[in-house]
Amino acid sequence: MTKTPNKAIPHHAQPLMTVKEVARADNVSEKTVPRAISAGLLEVIRVGPGGRLIRITHAAHIAYRMAQASGH
């Protein structure tokens with residue numbers, strides 16, 4: 001079986017999650033997600049006028065969950 005190369009998907013082509021969706025997926029409070037963002041544990045993309053809206057890529061969410069699971 002031949003493996004295909006793992007090409008990085010640009011963030012603009014990845015589905016984006018809201019803070020509410022991340023909180024629901026992780027079964028945590030909606031206040032926990034902004035705390036993780038402020039602590040630098042969860043990478044975000046700011047969109048909209050003035051960058052007020054926060055969106056999280058699936059890849060960033062997975063990386064955050066893996067770091068939490070490993071205790072970092």
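## Asp26 and its neighbours

Asp26 touches His61, Tyr64 and Arg65, leaving aside residues up to four places away in sequence. Contact here means heavy atoms within 4.5 Å. This is a predicted model, where local features need pLDDT of at least 70, side-chain atom pairs count only at pLDDT 80 or more, and totals for chains, interfaces and linings use all residues. Residues are numbered from 1 along each chain as its sequence is written, and side-chain values use heavy atoms, with hydrogens and water left out.

Asp26 sits in helix H1. Helices are DSSP runs of H or I with at least four residues, strands are E runs of at least two, and both are numbered from the N terminus. Is Asp26 buried or exposed? Asp26 is buried, at 19% relative accessible area. Buried means under 20%, exposed over 50%, and partly exposed in between, using a 1.4 Å probe and protein chains only.

The structure holds one salt bridge. Asp26 forms this bridge with Arg65, and the closest N and O atoms are 3.3 Å apart. The pair joins distant parts of the chain: Asp26 lies in H1, Arg65 in H3, 39 residues apart. A salt bridge is a side-chain nitrogen of Lys or Arg within 4 Å of a carboxyl oxygen of Asp or Glu. Arg65 is partly exposed, at 39%.

## Helix H3

Which residues of H3 are buried? They are Ala60, His61 and Tyr64. Seen down the axis of H3, they fall within an arc of 100°, so they line one face of the helix. The arc is that of the directions from the helix axis to the C-beta atoms. An α-helix has 3.6 residues a turn, so residues three or four places apart point the same way.

The buried residues of H3 pack against strand E1 (16-17), H1, H2 and E3. The face turned away from the buried side carries the exposed residues Met66 and Ala69. After H3 comes Gly71, with a positive phi near 85°.

## The nonpolar core

The largest nonpolar core has twelve residues, including Met17, Val33, Leu42, Ala60 and Tyr64. H1 (19-26), H2 (32-38), E3 (53-57) and H3 (58-70) each supply at least two residues of this core. Such a core is a set of buried Ala, Val, Leu, Ile, Met, Phe, Trp, Tyr and Cys residues joined through side-chain atoms within 4.5 Å.

Val33 touches Val19, Val22, Ala23, Val28 and Leu42, not counting residues up to four places away in sequence.
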